[in-house]
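Here is a short briefing for a reader new to this structure. The sequence and the model come first, and the notes follow.

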Amino acid sequence: MTTTTTTETQRKAAEPLVKLIGAGKNYGSIIALSDISLEVSGGEVMCVLGDNGAGKSTLIKIIAGLHQPSVGTYEVEGTPVHFSSPREALERGIATVYQDLAVVPLMPVWRNFFLGNEVRKGLGMDIALMKKTCKQELLDMGIDLRDVDQPIGTLSGGERQCVAIARAVHFGAKVLILDEPTAALGVKQAGVVLKYIIQARERGLGVIFITHNPHHAYPVGDRFLLLNRGRSIGYYKKEQVTLEELTGLMAGGSELEQLSHELEAAGGAAAEAAHEMEDNVSDLGISRPPPSPDGGG
Amino acid sequence: MSDTLQADVTPPPTHDERVRRGSRLARLLARPEAGALAGAIVIYLFFFVVAPPFRNASSFSTVLYVSSTYGLMATPIALLMIGGEFDLSAGVAVTSAALCASLFSYEFTVNVWVGVVVALVVALAVGFINGWIVVRTGIPSFLVTLGTFFMLEGLNLALTRTITNQVASPDISNIQGFSSAQKVFATSFTIGGVSINITVIYWIVFVLIATWILLRTRIGNWIFSVGGNAPSARAVGVPVARMKIGLFMAVGFMAWFTGMHTLLLFNTIQSGQGVGNEFVYIIAAVVGGCLLTGGYGSAVGAAIGALIFGMTNQGIVYAGWDPDWFTFFLGALLLGAILLNTYIRRRAEAAR
């Protein structure tokens with residue numbers, strides 16, 4: 001760092017909370033991720049889209065501090081960082097809500113909320129304060145639980161997801177990494193979670209929203225990073241891309257076309273399916289990829 | 001776009017129609033020990049009716065004493081089960097601790113208290129080894145402690161025979177420090193003409209401490225979490241391995257405590273004693289509402305479970321039934337208590 005303190009401070013305010021530049025990850029000879037750039041600032045939702053095996057998990061692990069990138073740089077608020085554990089990332093305000101949510105189903109909501117961060121009072125815990133805080137934090141996220149003493153397992157999947165998000169926010173998260181929060185949910189439940197993603201954004205948090213569903217990503221996202229086989233196949237700001245184009249890219253245009261050829265070769269009913277697929281591919285506008293894959297900045 | 005979406009965000013409803021507030025009774029019944037309490041009342045009334053001697057205060061004092069000898073051990077076993085583990089070596093570990101104290105004091109002709117301290121170290125070490133193997137290897141504690149159970153059983157017999165040429169430990173009542181140790185571990189006092197053994201008091205104190213730890217402290221939160229979902233607990237920073245080893249050591253501590261009581265009450269101890277008691281402890285904990293799968297249960301429940309065992313154990317004697325039938329009635333009553341417990345818990349959960 002050659003800059004002086006004043007410029008440093010000025011820069012800090014303008015710098016995105018999390019920024020990856022040309023980041024990649026190799027596991028031995030396997031290239032899990034290569035040349036990924038993304039950034040997220042406060043009050044912004046960065047959507048990472050990709051099918052299974054696209055490298056989403058590896059990307060999360062890098063940002064969450066579980067792994068270090070093999071190449072490229074990782075900056076938090078303008079400063080390059082080398083996290084050696086998730087705890088360090090957490091100290092910088094980067095919290096990850098994993099798919100399994102890290103909740104204990106049989107334990108009451110408030111005990112789950114404070115698990116590992118209990119408020120102590122003398123030899124015991126300040127239970128009244130914790131219950132009150134939990135209820136208030138959930139209310140602030142728009143979740144009205146009548147009874148924070150009920151086991152968290154009795155809540156719906158969406159509500160549990162929201163409690164996990166509220167917990168991360170309460171314990172000082174500036175950036176939330178949400179790993180497929182809508183994947184296992186029904187349409188209505190997913191809507192509830194999307195609502196809380198917007199709420200977190202309105203509270204000034206940066207959100208990294210990992211999903212394979214463009215219909216969930218598009219309404220809430222400000223930027224979109226598309227991954228396929230460990231590479232970026234597009235990075236767009238919202239105004240640069242339509243939902244249809246996102247869906248088309250997600251469906252993996254060329255791969256679908258290849259599959260349709262294979263089915264055609266098989267003949268009979270498979271050929272019919274192939275024709276249908278071809279029609280869908282052209283409807284999605286995959287043959288016309290959206291312009292300007294450089295959406296950053 | 002975000003503006004239109006913002007408009008979609010409806011204010012949270014002031015009242016959630018999906019959460020119906022259960023009645024006060026339903027909430028009470030939802031507690032883990034509720035079923036056991038109902039079972040205990042039924043069994044008490046049953047023996048009150050069929051066994052007239054059961055109605056005496058002194059008989060009930062005996063019931064309490066028998067219950068306490070099992071209840072002391074059932075308390076840490078319940079904590080361990082809430083923490084998601086088993087300890088099958090707990091029954092013989094009691095005997096190991098007692099043998100250790102008596103043989104050490106006798107063979108080295110040292111103050112009984114020295115033997116008592118040595119036994120404590122050994123008992124804690126057994127608990128530590130059980131826990132350490134479980135957390136290091138990930139092998140189910142059922143198997144690990146089954147192994148240590150047989151090893152301790154063999155050691156108890158083999159070492160006692162090697163050292164004393166007998167199957168029981170020698171009488172230590174003439175050794176220095178015996179009477180003071182006996183006062184601490186195996187005395188009794190009289191309240192209103194009824195003799196009460198001090199283990200009953202210790203039992204109540206330990207159950208209260210365990211309950212306080214479980215419900216009011218951070219450690220308690222962690223015990224529930226490591227039994228309920230260990231990976232999640234680890235993810236939020238709970239030291240899972242240390243918690244589990246600590247729980248096994250708590251069992252070791254109480255095995256030592258119970259062993260000291262048995263030794264100092266009878267001056268000697270049989271090396272083959274204690275086999276089978278591990279199941280009584282586990283049954284008491286399960287009757288008291290502990291889930292076999294961990295993450296749920298209570299220390300008060302385990303105490304009530306031990307009380308059910310004690311009442312049945314003594315009630316059959318007071319009723320004058322053929323003692324050959326003892327284990328049959330014991331098993332039937334315990335099964336009945338578990339069924340009632342399960343039934344009440346299901347109803348209570350449905351009523352939430």
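How many helices and strands does chain A have? Chain A has 11 helices and 12 strands, where helices (H or I, at least four residues) and strands (E, at least two) are DSSP runs numbered from the N terminus. This is a predicted model, in which local features need pLDDT of at least 70 and side-chain atom pairs count only at pLDDT 80 or more, while totals for chains, interfaces and linings use all residues. Residues are numbered from 1 along each chain as its sequence is written, and chains are lettered from A and ligands numbered from 1 in the order in which they are written.

**Chain A**
- Of its 297 residues, 44% count as buried (20 or more other C-beta atoms within 10 Å of the residue's own, with C-beta atoms placed from the backbone).
- Among contacts in chain A with a separation of 6 or more, 69% join residues 24 or more positions apart; two residues are in contact if their C-beta atoms, placed from the backbone, lie within 7 Å.

**Where chain A touches chain B**
- Contacts link 26 residues of chain A with 25 residues of chain B.
- Strand S8 (124–125) and helix H7 (187–202) of chain A are the elements that give two or more residues to this side of chain A.
- H7(A) provides the largest share, 3 residues.
- By class, this side of chain A has 13 nonpolar, 4 polar and 9 charged residues (Ala, Val, Leu, Ile, Met, Phe, Trp, Tyr, Cys and Pro count as nonpolar, Asp, Glu, Lys and Arg as charged, and the others, Gly among them, as polar).

Terms used
Buried ≥ 20, exposed ≤ 12 C-beta atoms within 10 Å, placed from the backbone.
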